[in-house]
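Please read them with the structure open.

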Amino acid sequence: NRTYDFQISRGYTDIMEFEITVPTNVKNTIQLNPINIKSEFGSYHLTIEKKTNNTYILKRTYQQIKGN
């Protein structure tokens, strides 16, 4: 249980994108369903998209909302 209130003085959005290359001699079994979490404090989104046979794009977005 929270003893003291807190306030987030400013919100922000953080966007990251990575290209992941798996060596061709490694079996590619990457399968990830998109992750979407939303609350009164902000949101989080994560996706992995297949670009080529051994290259993937990972995208992550985190948003923090200003307020109590």
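Predicted model: local features only at pLDDT ≥ 70, side-chain atom pairs only at ≥ 80, totals over all residues.

1. The partner of E19 is K51, and the two side chains meet in a salt bridge with an N to O distance of 2.9 Å. Since K51 lies in the loop between strand 3 and strand 4 while E19 belongs to strand 1, the pair ties together parts that are 32 residues apart in sequence. K51 itself counts as exposed, at 52% relative accessibility, a value to be read against the cut-off of over 50% for that class.

2. Another salt bridge joins D14 and R60, whose closest N and O atoms are 2.6 Å apart. Because D14 sits in strand 1 and R60 in strand 4, this pair ties together parts separated by 46 residues in sequence. D14 is partly exposed, with a relative accessible area of 27%. R60 also has a place in the strand pairing, as L46 stands opposite R60 in strand 4.

3. E49 and K59 likewise meet through their side chains in a salt bridge, at 3.7 Å from N to O. This pair links distant parts of the chain, with E49 in strand 3 and K59 in strand 4, ten residues apart. Both ends count as partly exposed, E49 at 37% relative accessibility and K59 at 31%.

4. Turning to the sheet as a whole, four strands form an open sheet in the order 1-4-3-2, and the pairing is antiparallel. Strand 1 (12-21) and strand 2 (35-39) are the edge strands, each of them pairing on one side only. Neighbouring strands of this sheet are turned against each other by 10° on average, with direction ignored. Within the sheet, strand 3 (residues 42-50) and strand 4 (residues 55-64) pair in the antiparallel sense over nine bridges.

5. Leaving aside neighbours within four places in sequence, S43 is in contact with I37, K38, T61, Y62 and Q63. Of these contacts, I37 and K38 fall within the range given for strand 2 (35-39), whereas T61, Y62 and Q63 fall within that of strand 4 (residues 55-64).

Conventions. Residues numbered from 1 in each chain as written. Heavy atoms only, no water. Pairing = 2+ DSSP bridges. Helix = DSSP H or I, 4+ residues; strand = E, 2+ residues; numbered from the N terminus. Axes fitted to C-alpha atoms, helices over the stretch in contact; angles between N-to-C directions. Contact = heavy atoms within 4.5 Å. Salt bridge = Lys/Arg side-chain N within 4 Å of Asp/Glu carboxyl O. Buried < 20%, exposed > 50% of the residue type's maximum accessible area, 1.4 Å probe, protein only.
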